[in-house]
Every structure is written in C-alpha cells, then in structure tokens.
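I am keeping these entries as I go through the model, one topic at a time.

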Amino acid sequence: MENEFLNIVDKRTNAAYDVPLNQGTIRAMDLRKIKTGPEDFGVMTYDPAFMNTASCKSAITFIDGDKGILRYRGYPIEQLAERCSFLEVAYLVLFGELPTEAELKGWVDNITHHTMLHETTKKFLEGFRFNAHPMGMFISTVAALSTVYPEARNVLDPETRKLQIYRLIGKVPTIAAYTYRHSLGFPYVYPDNELSYTENFMNMLWKMVEPKYRANPVLARALDILFILHADHEQNCSANVMRAVGSSQADPFVATAAAAAALSGPLHGGANEEVLKMLDEIGTKDRIPAYIEHVKAGHGKLMGFGHRIYKNYDPRARIIKWAADQVFEVTGRNPKLEIALELERIALEDEYFIKRKLYPNVDFYSGIMYQAMGFKPEIFTVLFAIPRTVGWLAQWQEMLEDQEQKIARPRQIYTGYEARDFIPMEKRGVKTTSVTS
Ligand SMILES: CC(C)(COP(=O)(O)OP(=O)(O)OC[C@H]1O[C@@H](n2cnc3c(N)ncnc32)[C@H](O)[C@@H]1OP(=O)(O)O)[C@@H](O)C(=O)NCCC(=O)NCCS
C-alpha cells in the first residue's frame, strides 16, 4: 500500500518522523535521519542472521512459511513438479515465464551443448585425494571454471552472462558425476547429448561397459522432480552468498562456488547427509523415543526438522515423500524409511516440536530416497547443488539488473577497545587499566 507511514517519536529529542512504509517494510536508510544532532551518525538497525531484514526485492520465488506455500514465478511448486521437466522449470526460474515449445527446445539445446568439461578441468579433478569429499571437489572445480572462461568477468554484459548460465547449468551435473566416479576410482563417462538432463547425469554416474546407458524412467523422473523442488528457495543462506559475492562483480563461477560452499554446511544443504547418519545412529524403531528425549535435552538437533521460514510442513517434503514411494516401487523399500516415518510421527505429536513449529523439511526424506536410488550420502549435497545452481544464477542476474543494488556491505556495532597506545613487547602481559567499551 502506498502513502502509509510509520510515525516514530525520538524520546531523546522529542522529534517526530514520518517513515514511509512499503509492503510492511521501512527502508533502513530512512532511520539515518533520526539523529540527536548534526554530528550524530543516525539510527541503524541491528539484525544478526537477517532475522527481520529484506536484503532485496525479488520476483523469483514466493514462500509463505506459515501456510507451507512455495511458488516459482507465481506457479505452485506442486503443479510444476507434476507437469514440468527440470529444464523447463529452470527456464521459468531464470527468465520469468514458462517457455514456449520453441523456446524450450532452444534452451535444452544450449544447455546440452555445454555439458562437456575442458580436459584440463578433468585433470584438475584427478588431483584430488581418493577420499576427498565430493562437495569439496565440486566447490573447487566450479571455482576453477573461472580460469577456463576468463571472459565471464564481464558480468555487466547480458550476452556474456547468458553464455555462463548455459555453461554452469550444463556442466554442474558433469562435475558432480566426475566427483562421484573419482571417489570410486571409476573412469569418467562423457556426457551423452541424446539423453535428457537427468538421464544424462545418471549415465555419467552409473554407465559401466554397456555401449549405451538406459536410465530407468521412474528413477529419472523422480530425480527430475527432486531437481525441480530444489531449484530455488528465495533468500536462503547460499542465495544470499551468491548475491553478496556477485555484488562485487566477481564472475559467476567463483560466486557459484561460494554459494555451494555455503550450501555444504550441515545447517543448510548438508542436512540430508546428516539425516542418514542420524537414522543410522538410531538404528531401530524402539530407540526413537530415547533419541528424541536426548534431542529435547539439548544434545543436538533432529536433522531434517525445522526451518527458518517454514513453520508448517515443508511443501517440498510432502512431494518428496510421494516421489520416494515411486522410487521404492522400483528399488524396494529403504529400511530407514520405517524409522523416518516413526520418527516423524512421534516428533509431530511431541509438545517440544509442536510448540516450536518444527516439521520435516526438504532434507528429511530426500536422503532416504537418494540412498534407495544408489547414491552414497557423501554426494547428497552435490545433488542439491546441481538444481540450486539455477536459483543462484537467477538471484545473481536479478541482483545485477537491480538498479538499487550495490556492493553488499553491512554495518556493525563495534564492541572492541577504544583507541589505546601500542604496548612494547617487554611490557606486554602487565595488567593495564584499558577498558572495553
Ligand atoms: C533449519 C534450522 C537451522 C533453522 O534454525 P533457526 O531458524 O535459527 O531456528 P532456531 O535454531 O532458533 O530454533 C528455534 C527453537 O527450535 C529448536 N530447534 C530448531 N530446530 C530443531 C531441530 N531440528 N531439532 C530440535 N530442536 C530444534 C531450537 O533449539 C530452538 O529451541 P529453543 O527456543 O528452546 O532455544 C534449524 O531448525 C536446524 O538446525 N534444523 C536441523 C538442520 C536441518 O534440517 N537443516 C535443513 C534446513 S532445510
């Protein structure tokens, strides 16, 4: 609503200020004019972890965490997961509209023709130790692409940007598959451009000596759906990193590597790997109540539960549960599913979880499904990074085209010493009377 104001009275000076409100938000810079005098810096906001700060305007993804709603460019995630392919959704997320048939064909062709890695990049991957974590390899190799495509630095040119978008979306499955094959000591498999995006990924992961890899269509579709669900999630930790690094006009390869680094943490994309470790640790259904009591007593968290934004069932978790059932028809049931279902049931009836609105999130069931499909837990976060590359790039593009954005540079409240004199070595260790402010 326009013409709404927040009236703030500064009790220090008794001055009143009308601060414009737009969509329930005030501009932090408007608080600067609230001063006690000309020398005063003005009022700032303090918001560790961005709990109540909008860092940008975005038209990409909408989440209503209380109602459990997720939409890309206005389309409900449920409809996209049911009706679209991943690359179709990628186009939507990046360019704002669903593609026409011709646009989709052109888009898929462009992505498909950028799936190969430069041979030197392949050699670079060979340098990692046999037991290197796939996510570490993924992050480093994506960053290394910056050395292969130095023109990517020209981030203000839309055509150059588009080319890097093709390259990144085309190459991340190849890098991901190579990290996996490397950890197993298997030879690398080159992309097969006759296959769909997810089928080709499966080909690069699992092809052995057969002349042509044929993906199981149910598993390929399930993976495609998982990719759709992970494509974007508005201003999460890694998207924020992508925007922050991109705001310095660093190239998209290093910015994507930085975003992937943020994703690797156990509180973000690393959680699905942690869920499987947790289910292993629990072991049997009868040990669930004791495990929950352990968590409630403050010893760790129930991995795959809780979310900064969703205070309701994560809509993606619901779709994953459905997709997992399709996968289990092919692979047989993952025995961990029984433990997960029981854990969910008990947690959702427990006062601790009810009071804190802690529900299963996207990571709770995805790991169980990935494991049934034959993925090792170490690669789960890489599976998240492949589709999320689309979201990172969409956020990056939007940031670069936003006239209001500048290099991201937060303020701080300084809590250290006031100015004090240098202490020569021989006098250090002697108690001084300096005070902290
Ligand atoms: C996702 C997550 C980081 C969100 O954190 P957050 O928004 O900062 O929420 P908080 O840590 O402030 O949690 C609020 C309360 O719920 C508790 N809580 C949050 N997640 C919990 C979990 N998974 N298990 C047990 N308790 C949990 C916190 O201890 C806190 O309790 P308190 O009020 O008694 O101190 C957090 O829920 C978490 O660590 N979950 C497990 C990891 C995970 O699944 N991550 C994937 C996210 S998609």
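**Entry 1: the hairpin of strands 4 and 5.** In this predicted model, I looked up strand 4 and strand 5 and found that they form a hairpin with four residues between them. In the turn of this hairpin I noted G68, which has a positive phi of about 75°. Strand 4 covers residues 61-64 and strand 5 covers residues 69-72, and the two pair in the antiparallel sense over four bridges. When I followed T61 across to strand 5, I found Y72 as its bridge partner.

**Entry 2: the sheet of strands 1, 2 and 3.** I then went to the three strands that form an open sheet, in the order 1-2-3, with antiparallel pairing. Strand 1 (4-10) and strand 3 (25-26) stand at the edges with a single partner strand each, so one side of each is left without a neighbour in the sheet.

How many bridges join strand 1 to strand 2? I read seven bridges, with the two strands running antiparallel, and I marked L6 and its partner V19 in strand 2 as one of the bridge pairs. Strand 1 and strand 2 also form a hairpin, with four residues between them, and in its turn N14 has a positive phi of about 65°.

**Entry 3: W107.** I located W107 in helix 3, which spans residues 101-112. Is W107 buried or exposed? Its relative accessibility is 3%, and because buried means under 20%, W107 counts as buried. Leaving aside residues up to four places away in sequence, I listed what W107 touches: L87, A90, Y91, L94, F95, I165, Y166 and I169. I also checked the distance from W107 to T121, which is 14 residues apart from it along the chain, and found their C-alpha atoms separated by 25 Å.

**Entry 4: N236.** I placed N236 in the loop between helix 8 (217-229) and helix 9 (237-246). At 13% relative accessibility, N236 counts as buried, although it lies in a loop. Which atoms does its side chain reach? I found the side chain of N236 at 3.1 Å from the backbone nitrogen of A239, and I found a polar contact at 3.4 Å between the side chains of N236 and H268. Not counting residues up to four places away in sequence, N236 touches H268 and R388.

**Entry 5: the ligand.** I counted 17 residues around the ligand, of which the closest are L302, G304, F305, R308 and R356. By class, the residues of this shell divide into eight nonpolar, five polar and four charged.

A nitrogen atom of the ligand is 2.9 Å from a polar backbone atom of F305. For R356, I found an N or O atom of the side chain 2.9 Å from an oxygen atom of the ligand, and for N361 I likewise found a side-chain N or O atom 2.9 Å from a ligand oxygen. How much of the ligand's accessible area does the protein cover? I recorded 70% of the 870 Å² that the ligand has on its own.

Terms used:
Residues are numbered from 1 along each chain as its sequence is written. This is a predicted model: local features need pLDDT of at least 70, side-chain atom pairs count only at pLDDT 80 or more; totals for chains, interfaces and linings use all residues. Side-chain values use heavy atoms; hydrogens and water are left out. Two strands pair if DSSP finds at least two bridges between them. A residue is near a molecule or strand if one of its heavy atoms lies within 4 Å of it. A polar contact is a pair of N or O atoms within 3.5 Å; within protein, one must be able to donate a hydrogen and the other to accept it, and residues adjacent in sequence count only if both atoms are side-chain atoms. Accessible areas come from the Shrake-Rupley method with a 1.4 Å probe; for residues, only the protein chains shown count as cover. Ala, Val, Leu, Ile, Met, Phe, Trp, Tyr, Cys and Pro count as nonpolar, Asp, Glu, Lys and Arg as charged, and the others, Gly among them, as polar. Buried means under 20% relative accessible area, exposed over 50%, partly exposed in between (1.4 Å probe, protein chains only). Contact means heavy atoms within 4.5 Å.
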